[in-house]
Amino acid sequence: VRHRGAAVYIYGPMLLVRPTLDAAWPAIAALGAVGAIVAGPRLARWAAVRLQLLFVHISLLRLSEGGSVFSSWRGVAAWPLVQYELFKLLSLEASHRLDSFGHVDTGVKRGGGRRWWWPFAAAGGGGGMGGGGGMSGGMVIKDLVLVGGGHSHVHVLKMFGMQPQPGVQLTLITRDVDTPYSGMLPGYVAGAYSRRECHIDLARLAAFAGARLIHAEATGVDTRARLVHLAGRPSLPYDVLSINTGSAPRPLREAAVARSADACVTPVKPIDGFCARWDAILARTFSAAANAAAPPVRVVVVGGGAGGVELALAMEARLRRELRSRGRDASALRVSLVSRSRRLMPQHSEGVRAAFERILAERRVEALLGEEVVAIESEGGGGGEGGEGGALLRCASGREVPCDEAIWCTQGGAPPWLASGTPLQLDERGFVAVGETLESVSAAAVFAAGDVAAVLKHPRPKAGVFAVRQGPPLATNLRRKLLGKPLLPFTPQDRFLGIIGTGDGGAVASKGPLCLEAAWLWGLKDWIDRTWMAAYTSGLPQMDAAPDASAVPEVAAAAGDEALRTLSHASMRCGGCGAKVGATVLSRVMARLRAEGHLPEARHHTVLVGLEAPDDCAVLAPSSMPSVHSVDFFRSFLPDPFVFGQVAANHALSDCHAMGAPPAGALAVAVVPYGLEAKVEATLFQMMAGACRTLGEAGCALLGGHTCEGAELALGFAVIGYAPKEAMMHKGGMRAGDALLLTKPLGTGVLFAAAMRGTAPGAALAAATEGMVRSNAPAAEALIRHGGNACTDVTGFGLLGHLLEMASASNARVRLRLGDVPILPGVEECIGQGIFSSLQPANLRLRRAISNEAQAVQHPAYPALFDPQTAGGLLSSVPADRAEACVRELRALGFTSAAVIGEVTEVLTPEEACPASLIDVAVD
C-alpha cells in the first residue's frame, strides 16, 4: 500500500512504515537477529519438548480402554476418548517441562499464571507476601464469616486479599492454624514432602486477606439470629456465612471399638491428627528396627478406594525404606489393605484396577477384598481396659486381621454439629444441602463447599478436586451476596484427572477410560500439587494499592439507609464526652455479659459498690492489708477481640501477681472504632467477654469503667490488689547464690511485628497467644512456695530491662546464660529476617548494663533479650537448692518452657554497684 510516497507493510500485529523498500532490509535483519537471540533458546526448548511428547503420543496410539484398541469392540469405541484425554495429559506435561520458574525454598517450578505452550511467552517475576486486606473500607458494614480452612476457603481468602471489598469484615474461624492439602498426604507419608511443604499457613493467608483469624471450633449455627456458636467462647455474628470444614472421621459407625484397641485406630481425617499419628508409627518402626528379635510391624489400611490404595503403597514404601536403612529386611513389615467392596477402586476403570492389583501384589501388600470390619478388639481378646500392643479387626465373614496400626481411609462422615447444632437442611448422609449457587437450600446467606456440602442437583464424590474447583464460584457468589446481586449457578465437572502415586516414584493416571502408568507422571503430579500450594503460600502476589477508604463502599448501598447514614457521619465525630459509646449499646453489652455469665462477681470483702449496684464510683472499704495499684493500657495487636480482651486483662493483672498480691477489682477503659451500632456492640461484647473471663479466673471483680470511640480497638485496666506486707515479693531482695527463673518464653514482640508484615508462622503465633492468655497467678504461688526472694513480670522493657531493674534494686551482680533462655518457635527465624518490635531500639540502650556485650552480641538469641513482651512471664530469684523442684512444679502447672536461666553471683554494697556492669552474659 502506498501513500504519499511511503511504503506501509502490515505484518501480523506490527505496523512498519518505511520510506523505501530497500531501506527496510537492515531494520528487518536487525530485528530478526534480536528475535533469534531472545526467542531462540525458548523456541528450541519448546520444539524439543513438543517433539519428545509427540513421539510419546505416537507410541501410545494403540492405547485404549482395556489396554489395546484392538483388544475388544469396547476398546475400539473408547479409543477416541482415551486419545483425547491422553492429548490433554501430554499437554499438561508439556507445561510442566517448559515451566522454568522455581518456588522460593523448594526448588519447585511454577508458571505464575503464564502459558508456556507458546515459545515467545514473556517472563515476569512473582509477587511476594502482602495484601490489601479483607476490610479496607474503614467502617464495618457487613460480616463475612468463613467456618473452616478448607480448599475452597483458601481461594476465597486469596480473592478477597487481591480484591478487597470495602465495608466487609472478613473472619476465618478455624480449629487448626495450618491446613493440610489432601493431595500431598501420600507424598508426605512416603517422605517426598516435609510437613511445612504440604500445609497452608492460614495465619499468613488471613493476614494477606486482611481477615480476622479466630482460633476456635464451631459447634452450631443460629440462622435466625445469624450467630455462629463456638466451643468455649461467645458466639460470633455474621451477615453472610460459608462452611468449608471438610468431612469428619467415621471409623466404625456400625462396628464396636474396644477402648483398649482405640489407640491403634487412626482415621485419615482430620489429616492433622493422622500426621501426628504417622510420626508415632515411624517411631515405632524405628524401635522395631533396633531390635532384631522384635516381631514384624503390622499396618492395616481400611478402605479400598484410590485414597486407601495410594496411602497403603506410600506407607509400605516409606516403612520398608526406613527398615532397610537400619539393616532390617522386608520380613519386618506387613502391610494389608481391607475393603468392604469386592472390587478394588470401584470408581475407576478396569485398567486402573488391574494396574493397582498388580502393583499391590508386586509390593507384597495383601489386599483383602469383600471383607467388612465390624469390630475392633485388643489383640489379647475381650476388649477390656488397659493393655498395650496391637488390635484385632473382626470382619463380618469371621475373618480376623491382626494389626499394630489400623488406618481408616473410608468415606468420611458429616461433622456431627451440623445435625445437632443447626437448623440447616441436610442430605441423607448429614451434609449441608446446597443448590447450584452453593447457597443452602434452607437458609439464606449460608453457603457450603467442599466435602461438607452436598450439591443436590450435581452429586459428586467427596474428593479434594471438587473442593478446589468450587473455590472460584464460591468467592464470586459470596461477594455478590454481600452486594445484593443475583447469584450465579455453577456446574461441576463430572470427571477429573487422577494421578495416583505408588509411593516409590511411580504413578498411574486415571480419567474415564484412560489408564496410563509411567514414571514421569509422578513428576507431573508433584508439579501440579506444588504449583497449587504456592498459589496460597510463597506465590501470593504483592498488593501495593489499597482501596480508597473515603469512597462510599458498594456494600453500604446494598445494606440500606442505616449504613449510608452512619457512613456519612464517620468523618465528623465529636471529642470529649461526645466520643462516649452510646448508653443503649453499653447497656445491651453489660446485660448480655451478665445474662451469659461472663461478668465476674465481687468476691473480695473490701468491694462495697461495684457493677451489681453501679454508682458514679466503685467503693472499696479500707483493709488491714496494704493495697497495691497498677494500670496498663494498649491498642489491639490481635485480630480476635475476645482473645485481645483476655490478653489485655492478663497483662494488667500480672503486676499484682508479680508482687504476690491477689487482685480484688479492676476498672476498665475501652476504645471501640465508630461504626454501625450492631457492629460496635458485637466488638465491645467480644472484647469484654474475653477480659471478664480472665478477671473472673483471677477472682478479680470488674468494678466499672469508661468506653469511648476511637480510631482503633484498645483496652486497659486499673487494678487493685491486697497482700500482707511481709508476704509481698519485690524487685529487690536477690541473694547471692540464688537461681534466676523465667516462667514463659520470649519473643511476642518479634512475632507480632512479623504478623504485621504477614510473615509470622501461624503455629508460632498460636504458641505465643497461648502463653499470653496463661495467667501468672499459679506461677507466682509456686515461686512463693519455693522461697522466691525477688520477682517481676517481664513486659515492655524486655528480659534484660527487667533483669536490670531487679539487679539494681538488689545491688546484685547476675550471670545470664543466654543458651538457657526459652524462646518461642519462629522467633530466631524472624530475627534472622531483621524483624523487630518498634520498641526494640529504645530497649537496646540498656545494653550498657552488660559487662561483656562484645561477646554476647555474637549469639543469635541476643536480640531476644531486648524484645518487649506482652503478658510475659515472671522473672524470679529462688534459692538454688529449690530451683529444680520449682521448675518441675511450674512445668506441671502448664508453664512448659519454665527454666533456670542464670544465677545471682554476688550482692554488692551500694558503693560497689555500677549499673553499667551488673549483668554478665554467658554464651556457651
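1. Gly699, which comes after helix α16, has a positive phi, near 70°. The model is a predicted one, and the points below should be read with that in mind.

2. Helix α16 runs over residues 677-697. Its 21 residues should span 30 Å at 1.5 Å a residue, and the end C-alpha atoms are 30 Å apart, so the two agree. Of these 21 residues, 17 are buried, and the helix is thus mostly covered.

3. Most residues other than glycine have a negative phi. Arg226 is not a glycine, yet its phi is positive, near 55°. Arg226 sits in the loop between β13 (218-222) and β14 (227-230). Its relative accessibility is 31%, so Arg226 counts as partly exposed, since that class lies between 20% and 50%.

4. Leu438 is the other case: its phi is about 75°, positive although Leu438 is not a glycine. Is Leu438 buried or exposed? Leu438 counts as buried because its relative accessibility is 1%, and the limit for buried is under 20%.

5. The largest nonpolar core has 168 residues, and within this core Phe356 and Phe717 touch the most other members. Apart from this core lies another, of 33 residues, which includes Leu799, Leu818, Leu865 and Ala899.

6. Which residues does Phe717 contact, leaving aside neighbours within four places in sequence? Among them are Ser630, Val631, Asp632, Ala648, Leu667 and Leu702. Phe717 is also in contact with Ala691 and Leu695, and helix α16 covers residues 677-697.

Note on methods: Residues numbered from 1 in each chain as written. Predicted model: local features only at pLDDT ≥ 70, side-chain atom pairs only at ≥ 80, totals over all residues. Heavy atoms only, no water. Helix = DSSP H or I, 4+ residues; strand = E, 2+ residues; numbered from the N terminus. Expected span 1.5 Å × (residues − 1). Buried < 20%, exposed > 50% of the residue type's maximum accessible area, 1.4 Å probe, protein only. Core = buried A, V, L, I, M, F, W, Y, C linked by side-chain atoms within 4.5 Å. Contact = heavy atoms within 4.5 Å.
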